[in-house]
Amino acid sequence: MDPTLAEMGNHLSDAMKILESGKLESEQGKERRKLSWKDIPGPLQGDRMQYVGEQGHMALLGHSLAAYISVLERERLRKLTTRILSDTTLWLCRLFRYENGSAYYHEDDREGLVKVCRLVINTHYEDYATEGFTMLSSKHPVIYQSAACRPGLGQHLCSQLALPLSCLCIVPCNTMFGSLHQMDVALLDKLIRDDRESGKVPLLLIANAGTPGAGHTDKLSRLKELCVQYNMWLHVEGVNLATLALGQVSSAVTAATKCDSMTLTPGPWLGLPAVPAVTLYRHEDPALSLAAGLTSSQPVEKLRALPLWLSLQYLGHDGILQRIKHASQLSQQLLEHLKTLASIKTSVGELVFIHSSSSGGSVEGYFAGERDVLDVLNRWLGEQLAQQVPLSGVDVVELEDEGTCVRFSPLMTAAALGTQENDVAALVEKLGEMIPVLSCTLRYRQDFKDEVLQQASLSYIEDLSWPGLGGVRYEPRATDLDEDKRQHSVEKINNDLLKKLMELDTDLYFSGGPEFCEEKNCIFIGMATEDLDVAELVETIVSIGREIEESGKLFENMTEVVRRGIQEAELQLQKANEEKLMEEGVLRQIPLVGPVLNWFSPVQASVKGRTFNLAEGCLDSTEPVYSVKAQMNKEASLDSPKSITKRFPGQKLFRRHGAGSDSVSDTSSVSQLEESFRETAEVPEERHVHIVEETALSDQRVPEGQETESVDTLR
């Protein structure tokens, strides 16, 4: 065995021991870490290290070893890096069936394609190394790219190669025949012939083995024939290239092994952090490969392969195949379940897409807005699934033809997340719960809009970005207010209305609207279920809004009445004090004389109670008030508590009778709710504030047992 490799193996063993000892000492050092980190501000506090697993530690260890090896003696470094590079390249070529290939390791997964383009330019333009861009001006190079390629890839190539964007040709996908995500081969043939006739040089074609959006594979065999015919370079990339390592591979993907170059991303496929992407290519001239930057004479650059070299050895051939096979089985498992759901449309490459639609196959039959509403509902579906089943790795993608879809791509996520079959089962279960909700919401959106438009006091808010029934705004009926006061009234009523709706015992979700909603002072209602009574919901909103509006008007009127009444009461109290002064005389008001005089000749003063009538704004006697109050207390003690509802325990509002197991009610919940708010918010015709006339001066004294109260404030 090479002594250098043996030495590196020893260092590797030592490093693994350090990692293991670090795990053992982690508990011992936990308290010490807390003490040393307690004064560090902001998000640096606490242990933020993500668990990456043993194979992840191997990849990270490779970076540390690369730094160590780079300081070795030059000859030993050259031998070691050559061995690492050749071993890794050989393993990858055998794993992915790419015979006689060379490899370029790079951090940015687009960098390999940039180097390949340089190689092709050097091949087609012999004097490019010396003449540079002047060689390209006479014969314009053309790079062809599928419209389904990842966004910005062609622009990045032109930027890195200092080529104008006119050198980039976007080839549309099939619009009439075949898949909507596969390159139109016939149109590509025509574009190449037209470019050749105009004096341009067809240079390179970028094809997909698993498009970034839908996971489809182009017709690689036919594309390879075109490239051979027109002396073009064929480059392939995509997630489906991972399946080349399996025993059984589709013929469409197998054709990728005949391409001139391909870019692999083993990090996501195998769950390996911080490992480079790899571009495998075939070219017979090492000098041109060196000029293009695909090979390097610097040993340190060859150490980029070291993390991957360690990780591949750690996983082994069987471990690598098992991870890729497991991801493929998860896709198949989900696909089988999705076929049983009528409202789900699937688009299958090695990726599975979930796209809900109405049971009738067209959304136009329910409401206007068409795809926009389906898109926002699909986005809601994807976000809910990702939140409730995080280990599934689902996400939301935007496709040009299908719109917003939910993507399940285990080849890119399963290894890192540790996705298992039970996670897919949980995903299917959640789908089964959410699809009926989507269908009901689609069905009830137009019904909700129609009900709202029939109410004069409600305005319907059209916001296609809201995943739910829609939005409403309560409009006050007062027309004598100026614009500022009206806006203030609208804001207050709708804010109070939203609070009251959120307090109701219902399964519906009420909100002030999306984060970036242009409409203000409105209420949005969330997703609906099968037993929702839309008419009852709208009537309840109107009823509560009317109660809030009337209560506000009563409060404003009461404020003015109270203000005028207080002024009148003050005048009457002042007049009563003057009359009292005249009745008792001036001597009784003198501090020293008054108590003596009162002792010899007591005054039998009576307290005259007053009530302040809020409805009429005047002072009345208190005698009728106390008599009525006594009678009311007597009647209240004889009556039993009044029930405002006849709903059963656990029963929610807005449920149609007979629609669900818990929706059994003898009376309409709208009438019950109106009665409830009427009983709690109803204002009596007369509200009384007691005012007691002031007796003499505050410091006047009377004999014991004959005191009188002096009250000069409103109670």
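Q: What makes E1 and strand E7 (residues 277-281) a pair?
A: E1 and E7 are joined by five bridges in the antiparallel sense. Two strands pair if DSSP finds at least two bridges between them, so five bridges qualify E1 and E7 as a pair. One of these positions is Tyr104, whose bridge partner in E7 is Thr279. The model is a predicted one, in which local features need pLDDT of at least 70, side-chain atom pairs count only at pLDDT 80 or more, and totals for chains, interfaces and linings use all residues. Residues are numbered from 1 along each chain as its sequence is written, and side-chain values use heavy atoms, with hydrogens and water left out.

Q: How are the elements behind these names defined, and how many helices and strands does the protein have?
A: Helices (H or I, at least four residues) and strands (E, at least two) are DSSP runs, numbered from the N terminus. On that basis the protein has 23 helices and 18 strands.

Q: Which strands are called the edge strands of the seven-stranded sheet?
A: The order of this open sheet is E1-E7-E6-E5-E4-E2-E3, with mixed pairing. Strand E1 (102-106) and strand E3 (168-171) each pair on one side only, and they are the edge strands. From one strand to the next, the twist averages 20°. Met262 takes part on both sides, standing opposite Val236 and having Leu280 in E7 as a bridge partner.

Q: What makes both faces of strand E6 (residues 261-264) count as covered?
A: Ser261 and Thr263 lie on one side, Met262 and Leu264 on the other, and all four are buried. Buried means under 20% relative accessible area, exposed means over 50%, and partly exposed lies in between (1.4 Å probe, protein chains only). Of the 715 residues of the protein, 44% count as buried.

Q: Why is Ala162 classed as it is, and how does Ala274 compare with the cut-offs?
A: Ala162 has a relative accessible area of 57% and is therefore exposed. Ala274, at 40%, is partly exposed. Ala162 belongs to the loop between helix H8 (153-161) and E3, and Ala274 to the loop between helix H12 (266-270) and E7.

Q: Why is a set of residues called a nonpolar core?
A: The term applies to buried Ala, Val, Leu, Ile, Met, Phe, Trp, Tyr and Cys residues joined through side-chain atoms within 4.5 Å. The largest such core has 91 residues, of which Tyr144, Leu188, Leu205, Val236, Leu241, Met262 and Leu381 touch the most other members. Helix H15 (residues 306-338) supplies the largest share of this core, 12 residues. A second, separate core of 28 residues includes Leu469, Leu498, Leu508 and Leu537.

Q: How is the packing of helix H4 (residues 74-95) and H15 described?
A: Two packed helices are described by the angle between their axes and the distance between the axes. For H4 and H15 the angle is about 35° and the axes are 10 Å apart. Axes are lines fitted to C-alpha atoms, for helices over the stretch in contact, and angles run from 0 to 180 degrees between N-to-C directions. Contact means heavy atoms within 4.5 Å; among the H4 residues that meet H15 are Ile84, Trp91 and Leu95.

Q: How much confidence does the predictor assign to residues 18-51?
A: The pLDDT, the predictor's confidence in each residue from 0 to 100, stays under 50 over residues 18-51, a stretch with nine contacts beyond four places in sequence. Over residues 660-715 the pLDDT is below 50, yet this stretch has 124 contacts beyond near neighbours in sequence. Where pLDDT is low, the predicted coordinates should not be read in detail. The protein averages a pLDDT of 76, and 66% of the residues score at least 70.
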